[in-house]
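I opened my notebook to record what I looked up. The entries follow in the order I made them.

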Amino acid sequence: MEQTKAPDESLSEEWAGLPWRKLEQHQYRLQKRIFKASEHGDLKTVHKVQKLLMKSRSARLLAVRRVTQDNQGKKTAGIDGVKSVQPTGRLAMVEAIHPKWMSQRKPQPLRRVWIPKPGKTEQRPLGIPVMFDRACQALAKAALEPQWEALFEANSYGFRPGRGAHDAVGAIFINIRLKSKYVLDADIKGCFDNIDHQALLGKLRTYPVMRRLVKGWLKAGVMEALELSPTKAGTPQGGVVSPLLANIALYGMEEALLKAYIGENKAPSALRGAPQLIRYADDFVVLHAQETEVIKAQQIIARWLQGIGLELKPSKTRLSHTLKEYQGNVGFNFLGFTVRQFPVGKTHTGKGKPSGFKTIITPSKEGVQRHLQELRKILQKSQSLPQEEIIDQLNPVIHGWALYYRTVVSAKQFATCDHHLVSMLWQKMTRKHPKKGARWVKGKYWRTIEGNTWTYATPEGPEQHVLRWHAIPIQRHIKVKGKASPFDGNLLYWAKRLKDHPLTKTTLGKLLRKQQRKCRWCELYFREGDQIEIDHITPRSEGGGEELSNKCALHRHCHDQRHAKHGTECVNDN
């Protein structure tokens with residue numbers, strides 16, 4: 001007798017069996033059309049294609065997949081308590097987020113969550129939307145983002161596809177490598193919480209239905225301890241579309257600065273002498289060779305920010321110089337990096353002032369201390385855990401931090417971290433065995449691996465050992481080209497950039513090269529912003545090893561699909 005499948009199982013297979021490759025290609029073609037039209041100033045075509053994308057089933061399916069499968073916060077609940085959505089609910093959500101129904105539904109309030117700021121006692125407020133509103137926002141972002149990617153400044157790097165902190169630091173290096181400069185290192189006070197709604201909505205350049213949707217999300221209110229508070233300003237952190245809206249609000253800052261400096265003269269010669277503004281979200285620096293111009297830039301930016309309800313944060317805004325002491329400051333910190341210049345060489349007589357300088361970018365002292373403190377907390381919470389689990393908890397933190405800082409001059413800081421971790425582990429192990437001698441403790445917990453006699457490892461061998469920072473080689477980052485965007489159609493450039501990106505090196509980088517930058521499951525090219533995971537072809541539980549030939553790189557949603565199909569294995573190239 002033939003067995004019939006349960007409805008949920010059938011719908012699960014239907015979801016997994018959707019032609020995701022074709023859906024992504026269809027959405028990308030629409031986004032590229034929006035980008036090109038926006039680039040040429042054709043606002044009528046931009047709105048026409050945006051409406052088409054919002055109604056597209058492809059875009060709606062991808063929006064739902066993003067918030068229910070791809071996002072890191074996919075299991076964070078809004079005020080309705082829904083943490084996850086099964087395939088049955090996903091398919092229903094796809095039909096419900098059609099613009100025809102979205103515009104008739106009032107967004108639900110956000111759930112207030114407080115998270116600690118790194119290395120500080122103060123906390124940052126998050127506003128978590130319900131899953132349905134997240135899907136609506138993901139769909140709207142897919143339509144709005146390509147329009148604004150064609151408009152955003154070349155030196156804007158935060159919360160944008162294909163751009164990151166390393167690009168911002170690279171832009172700073174390029175700007176100061178030939179000439180030392182004065183620096184305005186600034187931060188906007190409560191940027192996400194204080195943006196004026198009317199000013200933001202006035203800048204959107206969108207059609208009425210989209211404007212009403214965005215206004216509804218901005219005015220949804222926040223629920224905390226069963227009390228509903230109105231949101232009179234700001235784009236609450238936690239929403240899918242919030243980072244894009246913040247970038248839209250801050251768009252025009254650089255133009256206002258240049259206009260005030262050079263007036264209407266846009267000749268290349270005038271632009272060369274203008275202050276350089278480099279922004280990452282709400283953190284930015286202004287660079288110029290003259291002190292008076294940097295002070296003038298600060299005043300111009302402060303006035304411009306007032307127009308959108310924002311102001312500079314005095315405690316995080318300071319003036320400095322990259323080479324010499326200025327107001328007690330030498331160099332500056334930006335995005336966890338310290339940027340300084342040092343005099344080198346002498347004149348031909350061997351006396352007098354140095355003949356040049358060298359630009360050095362290193363991990364900041366605060367960044368190193370926060371990292372070591374995080375490792376210390378892991379060890380404090382792992383008093384009763386076996387050695388293997390301690391290693392499993394330490395390695396991801398070490399690996400992620402080292403990859404972030406491997407793009408700059410980090411050898412000294414890496415050696416410092418190695419030394420401190422050995423000291424922390426030694427202190428923990430000697431306390432665990434107070435009656436044992438130092439030789440016994442070292443013999444039990446430390447091994448010689450690659451010539452290093454102080455590698456914290458299990459007796460089974462090097463497969464289970466704590467990563468060492470100095471073993472991760474320095475890898476310079478290549479800054480993104482000008483105003484290049486993933487929506488500009490140059491997929492070869494973006495696929496190649498992903499392969500060369502510092503955060504996708506080591507095992508993942510090798511797999512991307514082996515797989516020709518394609519997902520082994522759906523065979524689509526990986527793009528900047530995709531969540532990429534490594535899976536074992538033969539599971540470790542079935543005897544699979546850690547060799548490269550037994551691994552493949554997949555999209556996170558493809559990883560979910562692969563394991564949802566029992567007995568299905570990833571194709572092996574070898």
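**Entry 1: a helix and its buried side**

I began with helix H17, where Gln 387, Ile 390, Ile 391, Leu 394, Asn 395, Val 397, Ile 398, Trp 401, Ala 402, Leu 403 and Tyr 405 are buried. I note that I am reading a predicted model. H17 covers residues 387–405, which makes 19 residues. I looked up its span from the first C-alpha to the last and found 27 Å. At 1.5 Å a residue, 27 Å is expected, so the span is close to that value.

**Entry 2: the largest cavity**

How many cavities of 30 Å³ or more does the structure hold? I found four. The largest cavity has about 80 Å³ of space. I listed the residues that line the largest cavity: Leu 110, Gly 127, Pro 129, Gln 137, Trp 217, Leu 218, Thr 235, Pro 236, Gly 239, Val 241, Ser 242 and Leu 245. Which elements give two or more residues to this lining? They are helix H11 (208–218) and helix H12 (242–250). I then sorted the lining of the largest cavity by class. Seven residues are nonpolar, five are polar and none is charged.

**Entry 3: the second largest cavity**

I moved on to the second largest cavity, with a volume of about 60 Å³. Its lining is made of Asp 418, Leu 421, Val 422, Leu 425, Trp 446, Trp 454, Tyr 456, Val 466, Leu 467, Arg 468 and Trp 469. Helix H18 (411–432) and strand E13 (452–456) are the elements that give two or more residues here. Which element gives the largest share of the lining? I found that H18 does, with four residues. By class, the lining of the second largest cavity has nine nonpolar residues, no polar ones and two charged ones.

**Entry 4: a sheet**

I traced an open sheet of four strands. Its order is E2-E1-E4-E5, and the pairing is mixed. Which strands sit at the edges? They are strand E2 (123–128) and strand E5 (227–229), and each pairs on one side only. As a reminder to myself, strands of a sheet pair through backbone hydrogen bonds, either parallel or antiparallel. Then I checked one pair. Strand E4 (residues 222–224) and E5 run antiparallel, and three bridges join them. Within this pair, Met 223 stands opposite Leu 228 in E5.

Last, I looked at backbone angles. Most residues other than glycine have a negative phi. I noted two residues with a positive value.

Arg 205 has a phi of about 55° and is not a glycine. Where does Arg 205 lie? It is in the loop between helix H10 (197–203) and H11. Arg 205 has a relative accessible area of 41%.

Glu 450 is in the loop between strand E12 (446–449) and E13. Is Glu 450 buried or exposed? Its relative accessible area is 79%. Exposed means over 50%, so Glu 450 is exposed. I also looked up how far Glu 450 is from Ala 471. They are 21 residues apart in sequence, and their C-alpha atoms are 9.6 Å apart in space.

How values were computed. Residues are numbered from 1 along each chain as its sequence is written. This is a predicted model: local features need pLDDT of at least 70, side-chain atom pairs count only at pLDDT 80 or more; totals for chains, interfaces and linings use all residues. Side-chain values use heavy atoms; hydrogens and water are left out. On a 1 Å grid over the protein atoms alone, a cavity is a set of points where a 1.4 Å probe fits but cannot get out, and a pocket is an open set with protein on both sides within 12 Å along at least five of seven lines; lining residues have an atom within 4 Å of a point. Grid points are joined across faces, edges and corners, and a volume is the space filled by probe spheres set on the points. Ala, Val, Leu, Ile, Met, Phe, Trp, Tyr, Cys and Pro count as nonpolar, Asp, Glu, Lys and Arg as charged, and the others, Gly among them, as polar. Buried means under 20% relative accessible area, exposed over 50%, partly exposed in between (1.4 Å probe, protein chains only). Two strands pair if DSSP finds at least two bridges between them.
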